[in-house]
Amino acid sequence: DVSRDDRVVAAVVEQEGQTGVWLTWLDGREPPRRIPQADGDNPRFGRDGEILFRGIEGDAGILYRIRANGAGRERIAQVAGTVFGTVSPDGEWLSGIGLDNREQTLYSISGQASRRFFPYSQTSRLRWSLDGRRVYYSIQYGQASAFAVGRTYVLPLAGGLVLSSLPP
């Protein structure tokens, strides 16, 4: 993921079978560095300098948040898949696959109940525009590849909302 100011990249590096979240500055001002305690994948920049990522506890995927220095690691929610969209412009929601693997879900970063967004498609993604005025929902049919067929819907958002009403 790329930070909202386009200055830092959060990426995953695998070493000796273990994945970890790393940060690197696009202007080269600092060398890449691993975030301590961020053993996992699929990093996303949250609000106030937090990094969200997926870790594993036993057989379960867990969404965590952590500070860039490795402090404050906190469990947010159990997640089903490895596919995440983006964090909402207000920093409250991360889109992903629901626990039952049947619906696209919004996971709250602050502990609110998760919200069902749309029936699940194995390759669907929900992303917000950086200005918060639109949400993009992409559904791909068939195999996940560059040659699959799909559609992307652009939904306008009114007055600071993070979701739009969906037509039937």
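Of the 168 residues in the protein, 41% are buried, where buried means under 20% relative accessible area, exposed over 50% and partly exposed in between, with a 1.4 Å probe and protein chains only. The model is predicted, so that local features need pLDDT of at least 70 and side-chain atom pairs count only at pLDDT 80 or more, while totals for chains, interfaces and linings use all residues. Residues are numbered from 1 along each chain as its sequence is written, and side-chain values use heavy atoms, with hydrogens and water left out.

The protein has zero helices and 14 strands (DSSP runs numbered from the N terminus, H or I of at least four residues for helices and E of at least two for strands). Strand 13 spans residues 134–141 and includes Tyr-141, which counts as partly exposed because its relative accessibility is 43%.

The largest pocket has a volume of about 190 Å³, and the second largest pocket one of about 160 Å³. A pocket is an open set of points on a 1 Å grid over the protein atoms alone, where a 1.4 Å probe fits, with protein on both sides within 12 Å along at least five of seven lines, and its lining residues have an atom within 4 Å of a point; the volume is the space filled by probe spheres set on the points, which are joined across faces, edges and corners. Residues including Asp-1, Trp-128 and Leu-130 line the largest pocket, whereas the lining of the second largest pocket includes Leu-23, Glu-50 and Ala-68.
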